[in-house]
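Subject: Structure handover

Hello,

Here is the structure for you to look over.

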Amino acid sequence: MLSVLIWVPILGAVIIGCLPESMVATRSRQVALAVATGLLGWSLYLSSQFHLSEPGLQFQEGLPWIESLGLTYQLGVDGLSLPLVLINSLLSWLAIYSSDGQIHRPRFYYILLLILNGAVAGAFMSQNLLLFFLFFELELIPLYLVIAIWGGARRGYAAMKFLIYTAVSGVLILATFFGLSLLSGSSTFDYAVLQEHTLPLSTQLVLLITLLIGFGIKIPVVPLHTWLPDAHVEAPTPASVLLAGVLLKLGTYGMLRFGLQLFPEAWRVIAPGLATLAVVSVLYGSFAAIAQTDMKKIVAYSSVGHMGYILLAAAAATPLSLLGAIAQMISHGLISALLFLGVGAVYAKTGTRDINVLRGLLSPERGLPLIGSLMIVGAMASAGIPGMMGFVAEFIVYRSSFEVFPVQTLLSMVGTGLTAVYFLIMINKVFFGRLPDSLANLPRVRWHDRVPAMIVTVLIVFLGLQPSWMTRWSQTTAVALVEDRLNRSTTTFAEVRSVPSDPDWLSLQLTGSESPKRPIH
Amino acid sequence: MNQLLFQTSWWVPVYGLAGALLTLPWSVGLVRRTGPRPAAYFNILMTILALVHSGLVLWAVWDLPPERLLVPWLSLPGFDIWLTFVTSRTSVGAVFVITGLSLLAQVFALGYLEKDWALARFYALMGFFEGAMTGIALSDSLFLSYALLEMLTLSTYLLVGFWYAQPLVVTAARDAFLTKRVGDLLLLMGVVTLSTLAGSLDFTHLDQWVKVANLSPLTATLLGLALLAGPTGKCAIFPLNLWLDEAMEGPNPASILRNSVVVACGAYVLIKLQPVLALSPIALNTLMILGAMTAVGASLVSIAQIDIKRTLSHSTSAYLGLVFLAVGTQQDEVALLFLLTHGIAKALLFMSIGSIILTTSTQDLTEMGGLASRMPATTSAFVVGSLATVGVLPLGCFWAMLAWSDGVWFKAPELIGILLVVNGLTAFNLTRVFGLVFWGKPQPKTRRAPEVMWLMALPMVFLTVLTLLLPLLFWRWQILPSWSEVNPILVGLLLLSGLLGCGLAGWIYLNPRITKPVSLVGKSVREVLAYDFCIDRLYKLSVVLGVVQGSRLTAWLDRYVVDGLVNFVGVASIFSGESLKYTISGQSRNYLLTLFVGVLLALTLLSWTHWGWSL
């Protein structure tokens, strides 16, 4: 069942590749869209068959592949990966739908998008470390090509930077996987098998830090982030949507799945450091976003900031915070997709993304009023205004992380305030004010430009009002993940680091007084 | 029947939101053929429904004790969020007042914004506004209240930015959002902390919790200050007060609500949070100090304004300062009464100045004069509103002020001085405005000034009558003290302060022999007051400076250090490759030499470490 999500897009890519030359221009898009629609439907069907109360992996598939290497074709989804698989299908559909119909070299373009979709789905579903790595690397190629071929003026630089960074990330991840497999003395890369092994703490630490640098590049965590703004700025809109919406989540997914789960004790040791790093990411990304003048760069830096919340929640590693991390992944995926779609529409119509040039685009007659309104919704959702899913996710993250890291949580909350600052600057400059003459004759906005953003907006608002539709997929898994971790790390639980579970820890830390009694609960 | 009404009380906020949502096709310009009117009518219909519904619920719950309604919203491992509503005389009464004023403002807007192309958008935002406010009134959960306060921030932003093509509006909307956001952010920190400490965010639960809460003084203080920040921003209390002044760039019908009930929403939440604030004496003192500073300062500032809307908006801040003082002295009932009387009086004042602005097309007090005989309904609305705002015997705010001062009479008599000053200054200011607008000789812009059309006059006259009848209602509800309880000294002082302010201003501004503008104080003082004590400079030197410098520094770091390092590595590797290629000479002896030297170096290095040689 899960294989469909990997092989159907590849099959679709092959079909597009075999299309006769005369049909390429029109049919490539149609085939890609049909495949993407099918995949979206299939993932929706899978989620309808998903048992919410089951903590373990579902729809498992296993085939031996290269046994001597320990590589098996093991697939499965749980509450952590299923939402991401769904988001991948949805955003891929949107990316293909919103692609320019007149794009040059359509055959190659749609082939790459479909391969990207399959590879990402594969990475989210792999239960074998080596298989994950293969998909993780596979995803890199189409995206590199999309940026390098259909990108903006400095696409060569950006694509190369992206490639080198992500390749380094891949190498580090692979090194960790090898190290883990060798040191634990097993000859397999099977996730379930490796999970059972416990390595000495120092070994764990070395491996975990290597792994985290690898995934940290992908997330990206400050200071490993500089590839992201460049890649976003040069990438075409659909690639930006996929990059921000799905590909960054590979980093956080990997961090949770392989970092947190395979190295429980070491995680506990470095968690405070991670939380601090999360604060740095949040504040750094937000401050940097304020200083930007390119709309895409603003959104890109906002991604750096918002991915920091996921890191914070992951560091806290309580059931609630893991749920918050998953929720933040989904919400960031949708919200950044909306923002990039909006920026893409503005760029397509006006030819610039400079906030000092654009003005008054909300004008009802000659501007882009609907796109502008949707951008306002996206900005507000990103700034954590209630009624939209950004708020729910962030609130869960804050509420849960506060119990473990109160100071870091409070500091990173400043990030939501700063988010409001940079998005308000952008909206005020770009959409408010009087439309200048130079922008008065914009091309017509068609429904084709609006529909993707509208779909995402509806989802953002709906899930903001009815968040249990978002959280219910992952609840059981989040609880199970933490319980499982605690069971396996009882040996070194106490001596490594005492997690402050007392809610009055803040006061304790700030005043140095004796811990007051816990109030009624 | 009662049960049904009670069960459905949470629908009331939904009406406004539904109206806003269902008219979206008109507001975003998807439906153009019908014009924006259907959207306006639909929203008005929704408000009428909300009004009728809340009226029925009010009638049903009038004699009943408060009842809570729990709606499960989100259930997470170890953390449940319920949306709790409380239906009591107070909460449903507040809803009734809000929907009533919202209806009047919306009818008023039909006239005021008659020719505005974005009428539908305005009504959608008003529906949103109303939904959020009624939700706050009904909410019994800090979580829900916080969420709705944020929605108010958003809709304030959009309403202030309604005429977004004007440059002043753009900055005003931004400032309104960001100023409130500062408060909201601190409030959110408080909410998260409180949620962790207390376990539940229901106000009912919090009331219980504070009795057993055992917090260290520092935690309690920080928590109290964080919780205080939200209402401070919402109620336009110093230091987060400037947005209200700037928000006057928005359309007037929204200002009616903003100055009467929106600011009251912040105070309403503050009243509910008061027990938690009381855990920390410092937080409570801060509340009092901020309230007192705002009350006096904003009253002074309002006198120095020449913009008719801004002068009244500063007086709103001043009155909310008094409400803060009432909350600080733990007089919740008085605070609520004050919010009600002030809200209605202010709404009336804003309606009347709305008609003035529409008719004269100016907001500048110095360009007006002589409107009294030309606009009788507007004049009477202004007079009644003014009388109800300052403590004049039978009208609304008098009773609130009396109860207010009665409450602090023994506890903190010095506070009565503040009340008297505010009352006197407000009386002075309102008389000044009256003198400048309605009295004196007509000026070019006020010469042809007919009374406004019926759509605006009707709600205005209705509210005038209601303001006059309000004391009667108080008497029916037995809120008024009996004569034996009334402190005659306080009554005398109140009346005297009002009379003094009124008389002084009347002597100056109603007197045709004194030339306007009048210089009562030195130029520097006047300018400081006219520029709101230069609070914007305070913002610029604190928060704005921090953010701007922080972002500059980060951008510099990002560009030259982080990215610079990366690019340096890239350039260095390309450069070394490029330069090394010139060593490729094709002569094998050179290669052999290189190889030999390299091996020698490597061996030396290895043996060095191996034998532990040191330099």
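Two strands pair if DSSP finds at least two bridges between them. Elements are DSSP runs numbered from the N terminus: helices are H or I with at least four residues, strands are E with at least two.

The model is predicted: local features need pLDDT of at least 70, side-chain atom pairs count only at pLDDT 80 or more, and totals for chains, interfaces and linings use all residues. Residues are numbered from 1 along each chain as its sequence is written, and chains are lettered from A and ligands numbered from 1 in the order in which they are written.

**Hairpin in chain A**

Strand β1 (residues 58–66) of chain A pairs with strand β2 (residues 71–77) of chain A. The sense is antiparallel, over six bridges. A:P64 sits opposite A:T72 of β2(A). Four residues separate β1(A) and β2(A) in this hairpin. In the turn, A:G70 has a positive phi of about 85 degrees.

**Helix pairs in chain A**

Axes are lines fitted to C-alpha atoms, for helices over the stretch in contact; angles run from 0 to 180 degrees between N-to-C directions. Residues are in contact if their C-beta atoms, placed from the backbone, lie within 7 Å.

Helix α9 (residues 201–218) of chain A packs on helix α11 (residues 237–262) of chain A at about 160 degrees. Their axes are 7 Å apart. α9(A) and α11(A) are therefore roughly antiparallel (angles over 145 degrees). On the α9(A) side, the contact includes A:L208 and A:F215. On the α11(A) side, A:G251, A:G254 and A:G259 are among the residues involved. The contact residues of α9(A) with α11(A) are eight nonpolar, three polar and one charged. Here Ala, Val, Leu, Ile, Met, Phe, Trp, Tyr, Cys and Pro count as nonpolar, Asp, Glu, Lys and Arg as charged, and the others, Gly among them, as polar.

Helix α13 (residues 295–316) of chain A and helix α14 (residues 319–350) of chain A cross at roughly 175 degrees. Their axes come within 9 Å. That makes α13(A) roughly antiparallel to α14(A). The contact of α13(A) with α14(A) has 15 nonpolar, seven polar and one charged residues.

**Between the chains**

Chain B puts 51 residues in contact with 54 residues of chain A. α8(B) gives the most to the side of chain B that touches chain A, with 16 residues. By class, that side of chain B has 31 nonpolar, 14 polar and six charged residues.

Best wishes

Terms used: Parallel < 35°, antiparallel > 145°, perpendicular 65-115°, else oblique. Contact = placed C-beta atoms within 7 Å.
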